[in-house]
Amino acid sequence: MNSIDYIRPTTVDEAVSLLAKYKEKARVLAGGTDLIVQMRGGRYQLDAVIDGKHIEELNQLTYSKENGLVIGAAVPCHKIYGDENIASAYPGIMDSATLIGGIQIQGRASLGGNLMNAAPSADAIPALIAHNAVANIVGANGTRSVPVEDICSGPGRTTLDTGEILVSISVPAPSKGFGARYIRFIPRNEMDIAVAGAGVSVQLKNGKIEAARVALSSVAPTPLFVENAGNSLVGKEPSDENIQAAANLAKEAATPITDMRGTVEFRKHLCEVLTRRALHTAVERAREEN
Amino acid sequence: MTTTYEPNKVLSNKEFKVVGTRPVRPDGADKVTGRAQYGADLQLTGLLYGKTLRSPHAHANIKSIDFKKALALEGVKAVVSAKDFPETKDTANYGLGDSPMNYFRGNILADKKVLYKGQAIAAVAASSVHVAEAALSLIDVKYEVLDAVLTAPEGMAKDAPILHDDLFTKEFEKQTKVNSNIAEHFQHKMGDIDEGFAGADVIVERTFDTATVHQGYIEPHNVTALWNDDDRIHVWTSTQGAFTVRAAVSEALAVPVSKIKVTPMEIGGGFGGKINVYEDPAAALLSKKAGHKPVKMVMTRAEVFEGTGPTPGSHMTVKMGATNEGKIVAAQANLAMEAGAYPGSPVGAGAMCVFTAYDIANVTIDGYDVVVNKPKTAAYRAPGAPNAAFAAEQVIDEIAEKLNIDPLELRLQNAAKEGTRRADGPIHPRIGCVEVLEAMKEHHHYQSPLTPAKNGGKVGRGVGIGFWFNIGMQSACNISVNNDGTVNLVEGSTDIGGSRASIAMHAAEVLGISYEDVKPQVADTDSVGYTAITGGSRTTFATGWAAYEAANDVKAQLIDRAATIWGVDPDSVEMEEGVLRSKTDTELNMSFKDLSAQLNDTGGPIVGRGAVDPSGIGGSFCGQIVDVEVDPETGKTDILRFTVVQDAGKAIHPSYVEGQMQGGSVQGIGWALNEEYYYSEDGRMNNPTFLDYRMPTSLDLPMIDTVIVEVANPGHPYGVRGVGEANIVSPQAAVANAIKSAVGARMEKMPMNPAAIMEQLWS
């Protein structure tokens, strides 16, 4: 039985110096909906928990059509979906923010925390990838920005160096004709972990797909960006056949395991179904934007 | 003077004053305000905290246990293991039959061998839970890991690893000398099965497998034990039977029952799983070794899943034959159920229920009780019957389909009635099987078109009917008259479904007073006569009957007292609707309230007693109509509409009967669709959390519509049949039949989760 320091820095610099001091014996706390559960389950033997909720930059939530969206790493889901402008501009992110946990969890859980937890089943990460989001990271050596698809390196592991902290996530402002969607498959109707999930986006121009992105959850060691599935749609019409072809590429890219949530065969099959269904909805949403 | 009752008098066609109404439950206010005391709420002076060390292996020999480092940790007060059990006799009996002492104790603290992951090996008492947990990690156990056996077919295989070198198969009630994992093979036979099938025009045979599932009660097991300096033991716990705990602690520790007092705390769900005793004896031993300090132990959810009894996985083949006219002429079942680590699966009960809804001339049922490297199974609501019905009710459905007969019509055509013989021997007394099936057929759900799909999937409808025999057993009750015209009712059945209310209603009805004037309480084992478990759907039937007797005893004494006051013959006095009056002199009358105020001046207090072991048990039938929607691309099943119809004999408190019907339905739906112990190859449960052990949430369920049928049980004064269990028997089969109707997949495996449905559709 050992005691843990709980520290509440108010600036990013202070947090960075604390992380430098405790190194891998510290974790940053945002909503705590993963971290506290994991600590109780004995996943970490920590010396310090560094609460990021009192740092201004981690609490920022700004949006403009010019500069896009900046979500502080500790901003809870309910604040994001509670903002009507953000909700209508970022449909894929809204899908994720409204289905993580239940309402009580959404009052605490943050997208930044979901990203840093780096679970293969993370519901926010495929949508962030679909929306071209970038993670803003600060460490002793300064600031860097990394596309979200390059953050996770394995189950529970990220490409952040020891001593670095995620400050915010920047998401570009969608153009006209943009649509996105995140759906997941769970055996129940709520309060569950994705057996598989698909986050997609399309950019339509003159009836054709100018750009598309597809990312999957729960079917690989990390949330999986399937670049070729999105690219296969570029320059094409959003027809059933073209969408089916992209869905098939998603299925091919998936490398799931068999576990208590599903078998390899079932999960690969779901990647096709979910990608197809998500692309159809994203196209509908893109058309509504026109 | 005690009153007598006429045991076969059926009153349920009579109008009642209290019975059949829906008053507020006596424990309601405390529960909704958080004041009700559950085991985990208990705080005693000098309290220590216990934790259990559990096996990480499914099957292993224990080579050695070293406590040195754990005992050296500051705050550790005591450790116990199987070595702390005193010498005692060879068999244990805590009220539910004999079992070998080494098996009984082995499931409390394992000695020499562990037989499932999560089996208790040792326990620690310390100044805090955290110190106790840290101490567990300092106990050094050396194991020799053995191959594990995880299903009944694996356990029955010729070259299977053997769990017990002292277990010899009992074959057709004879003890053999064959050492195997098959604890018992029995057979029920009626008619000539070969002749039966020879006369069938259509025969369906299928093999089914079901997974291990847990009761999933929200409150984990808990116990606080104090081994006093004068060697009296006090146990506070969450249990379905305070006297069962007393007997089990007595047997395990070789302490007389008179030295043990068990106080049952409020209980947060049991469903059969809180009959067996787990940490209670260890907590008492820890208390003694720690210097007679109280020790509290509360399980985690993972401990509940891995260390307490689920209901078994099973492997079953059912074959049935019928004529073209729809007469079922032969039925055969081969049921193998997992006992878990020690003998005692509910296969016997499964065999009693598998074809019981039907009148079939030629029946053979074989049952196998097989030990495997999983937690020892415990009771779970109609144990064994849902497994059996999952098989039989699907085979019947397929016969109906092949004969193109409505599935309820086929069931009605073959339904068991009074006088029908069960393959396991008994002849049905008056039962409500036909009445339940008729109520289902006439229900507007069955008369309506299929519920439309919500999400563009395929819809289908299924039905099923199930039986549970129910039990009687011993109950006791005391009633004391208060001088303000109310009574205190003391009974011994721990209340898991509103039984305090239904028991109090028996007394109020007899005395002709209002329900609110009866104050029921569940007492500790020092304060009331022996009362068997709250289980087997017996509580309202048997303890209600004890209250009926006690109230009649009070009534007789009140009549005597009034007669004494009036100076008349007691035979000339009667008591109706709470008023005592002379049958001959209209001037002589007095309310119960007025008499109660005079008791202390006219001869002293009045206390009534009731003690019963009733035999007139009435079995219950329960059927379901279910509409489902299945997404043919993902296999996801939604329950769109669900109707449950059950014969309650007489619903004493209809709301709590409906609660039982809805609860059993919901547990059946969870079992049908998603619940399972998901095992790794080496016998570890991979999903011991409510996240991945998927019980349905309120978002997964429609409102469950209920219909109570009342075919009075002639064996109970008010006609009561137990209603706690029959309702979980066939929802699984009804859901399976609905899935078949929706997407054409006949499901031979449970759970019928999305992956399983897709596999069936792809095959």
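Let me start with a term: a residue is buried when its relative accessible area is under 20%, exposed when that is over 50%, and partly exposed in between, using a 1.4 Å probe and protein chains only. Helices (H or I, at least four residues) and strands (E, at least two) are DSSP runs, numbered from the N terminus.

Hello everyone, and a quick word on the model. It is a predicted one, where local features need pLDDT of at least 70 and side-chain atom pairs count only at pLDDT 80 or more, while totals for chains, interfaces and linings use all residues. Residues are numbered from 1 along each chain as its sequence is written, chains are lettered from A and ligands numbered from 1 in the order in which they are written, and side-chain values use heavy atoms, with hydrogens and water left out.

Let's begin with strand 14 of chain B, residues 233–237. How many of its residues are buried? Five of the five, so by our cut-off strand 14 of chain B is mostly covered. In a regular strand the side chains alternate between the two faces of the sheet. Here Ile233(B), Val235(B) and Thr237(B) point one way, His234(B) and Trp236(B) point the other way, and all are buried.

Now its neighbours. Two strands pair if DSSP finds at least two bridges between them. Strand 14 of chain B pairs with strand 13, residues 222–227 of chain B, in the antiparallel sense over five bridges, and there Val235(B) is the bridge partner of Ala225(B). These two strands make a hairpin with five residues between them, and Asp231(B) in the turn has a positive phi of about 70 degrees. Strand 15 of chain B, residues 260–264, runs parallel to strand 14 of chain B and is joined to it by five bridges; Ile260(B) in strand 15 stands opposite Ile233(B).

On to charges. A salt bridge here is a side-chain nitrogen of Lys or Arg within 4 Å of a carboxyl oxygen of Asp or Glu. Over all chains, the structure holds 50 salt bridges. One of them joins Lys117(B) and Glu306(B), at 3.1 Å from N to O. Why is that pair worth a look? Lys117(B) is in the loop between strand 6 (113–114) and strand 7 (120–126) of chain B, and Glu306(B) is in helix 9 (residues 301–307) of chain B, so the pair ties together parts 189 residues apart in sequence. Glu306(B) is also buried, with a relative accessible area of 10%.

Two other pairs: Arg422(B) and Asp424(B) form a salt bridge with their closest N and O atoms 2.9 Å apart, and both residues are buried. Asp495(B) and Arg500(B) form another, at 2.8 Å, and both of these are buried too.

Last, the interface. Counting contact as heavy atoms within 4.5 Å, chain B gives 27 residues and chain A gives 22 residues. About 2200 Å² is buried between chain B and chain A, and carbon and sulfur atoms give 56% of that; buried area is the accessible area (1.4 Å probe) that two parts lose on being put together, summed over both. In chain B, Glu633(B), Arg694(B) and Trp762(B) lose the most area to chain A, together 26% of what that side buries.

How many salt bridges link the two chains? Between chain B and chain A there are five, including the one where the side chains of Arg694(B) and Asp192(A) meet at 2.6 Å, N to O. Thanks, and I'm happy to take questions.
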